[in-house]
Amino acid sequence: MPQSATLVSRPRIAIAGASGRVGAALVANLAGEAVDLVALTRKPEPGRFPLHIAQAAVEFDAPATLGAALEGVDRFFLAQGTSPRQVENEIALIDAAIAAGVKHIVKLSAASLPAKLHPFDWHARVEAYLLSRDIGHTMLRPTTFFDTLVRAGKPVQEGSWGGAAGHGAVNLIDTRDVADAATAVLLDAESTHWQRAFHLTGPRAWTMDEVAGELTRLLGKPVSYAQRTAAEERQRLLASGVSEFVVDILVGLDRTVHESSLREETATVQLLTGHAPRQLPDWLEQNLSLFSGAKVS
Ligand SMILES: NC(=O)c1ccc[n+]([C@@H]2O[C@H](COP(=O)([O-])OP(=O)(O)OC[C@H]3O[C@@H](n4cnc5c(N)ncnc54)[C@H](OP(=O)(O)O)[C@@H]3O)[C@@H](O)[C@H]2O)c1
């Protein structure tokens with residue numbers, strides 16, 4: 001973990017998406033550091049975050065709620081769960097942060113993929129806007145999260161796992177590594193006015209057949225990945241009640257695997273955090289109940 005020794009003062013850090021997968025791990029990392037934290041959430045509630053952390057009620061869809069939440073903030077972690085309003089909401093957050101005097105924005109982005117696929121193109125648009133405002137910033141561009149495999153849990157239990165990923169490979173990352181990288185950047189007082197981007201990846205790329213092989217080993221029963229066309233996968237997902245918005249994103253993610261467009265490995269997690277990125281087999285083992293159906297006590 002990075003040390004707060006590099007800080008020259010006690011900065012105030014606001015975290016958007018603080019209850020999200022990356023945000024919650026980031027809050028946990030920063031809770032013990034010499035910083036004042038404010039968690040932005042739509043549902044401020046006692047006990048939702050560690051006691052000494054301030055909570056600010058926001059609704060990203062309502063820009064008027066943002067200014068007060070960002071008052072006195074030095075550094076801002078900008079994240080929102082995937083939404084059709086992602087671009088306009090994040091731009092409103094950037095505007096509110098700049099108006100409040102924020103000096104550095106750490107934007108949770110996505111791998112830069114030159115394709116018109118959501119949410120990759122949305123992140124590119126938000127990044128372009130942030131660049132145009134000429135404020136200190138760090139773009140964190142993680143590859144696809146391990147957590148996307150959560151959706152495979154029930155199908156693996158039922159022996160019906162598959163998709164349109166073909167035999168391509170994707171490098172996957174643990175959201176805790178994304179949070180660790182964000183922690184390092186947010187605690188780095190020297191970089192306040194710098195403008196940088198980091199591609200964050202896990203240690204290696206995986207085909208879905210290889211993931212099935214790992215699950216076979218861990219579960220002690222055969223697991224396989226059924227190959228489908230994108231059209232077949234789309235139909236199956238729609239028939240199971242998944243919204244068209246989510247289906248587009250899921251089939252798009254399969255396409256990135258099919259085309260191996262997110263298979264690169266970078267050393268960035270190690271460079272920023274001082275530790276190697278977490279391994280997928282360990283994550284699968286830690287979350288095995290998702291795939292076995294065993295009750296967790
Ligand atoms: N999944 C992947 O593989 C992947 C890979 C690379 C990048 N990304 C990017 O990572 C981001 C998602 O991060 P995550 O997984 O940590 O998020 P997440 O777990 O989906 O959490 C979403 C967070 O956004 C907040 N939020 C959503 N809508 C809001 C609104 N209208 N107003 C206020 N708060 C709102 C929620 O806060 P409250 O509920 O507390 O209000 C929650 O904390 C997305 O931009 C995605 O494109 C994802």
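**Terms and their grounds**

Analyst: Helix H1 supplies the largest share of the shell around the ligand, three residues. This is a predicted model, in which local features need pLDDT of at least 70, side-chain atom pairs count only at pLDDT 80 or more, and totals for chains, interfaces and linings use all residues. Residues are numbered from 1 along each chain as its sequence is written.

User: Which residues come nearest to the ligand?

Analyst: A residue is near a molecule if its C-beta atom, placed from the backbone, lies within 6 Å of it. There are 26 residues around the ligand, and Gly20, Thr41, Arg42, Phe60 and Gly81 come nearest. Helix H1 (21-30) and strand E7 (144-145) each supply at least two residues of the shell.

User: How is the shell around the ligand divided into nonpolar, polar and charged residues?

Analyst: Ala, Val, Leu, Ile, Met, Phe, Trp, Tyr, Cys and Pro count as nonpolar, Asp, Glu, Lys and Arg as charged, and the others, Gly among them, as polar. On that basis the shell has ten nonpolar, eleven polar and five charged residues.

User: Is Leu187 buried or exposed, and how do you know?

Analyst: A residue is buried if 20 or more other C-beta atoms lie within 10 Å of its own, exposed if 12 or fewer, and partly exposed in between, with C-beta atoms placed from the backbone. Leu187 has 23 such atoms within 10 Å, and is therefore buried. Leu187 is found in the loop between helix H6 (175-186) and strand E10. Of the 297 residues of the chain, 39% count as buried.

User: Is Ala57 buried or exposed, and which residues does Ala57 contact?

Analyst: Ala57 has 12 C-beta neighbours inside 10 Å, so Ala57 counts as exposed. This residue lies in strand E3. Two residues are in contact if their C-beta atoms, placed from the backbone, lie within 7 Å. Leaving aside neighbours within four places in sequence, Ala57 is in contact with Pro44 and Thr65. Ala57 and Pro44 are 13 residues apart in sequence, yet 5.9 Å apart in space, C-alpha to C-alpha.

User: What makes E5 and E6 a pair?

Analyst: Two strands pair if DSSP finds at least two bridges between them. Five bridges join strand E5 (residues 104-108) to strand E6 (residues 136-142), and the two run parallel. Within this pairing, Lys107 stands opposite Met139 in E6.

User: What is the order of the open sheet of seven strands, and which are its edge strands?

Analyst: The order is E3-E2-E1-E4-E5-E6-E10, with parallel pairing. Strand E3 (54-57) and strand E10 (195-200) are the edge strands, as each pairs on one side only.

Notes:
Helix = DSSP H or I, 4+ residues; strand = E, 2+ residues; numbered from the N terminus.
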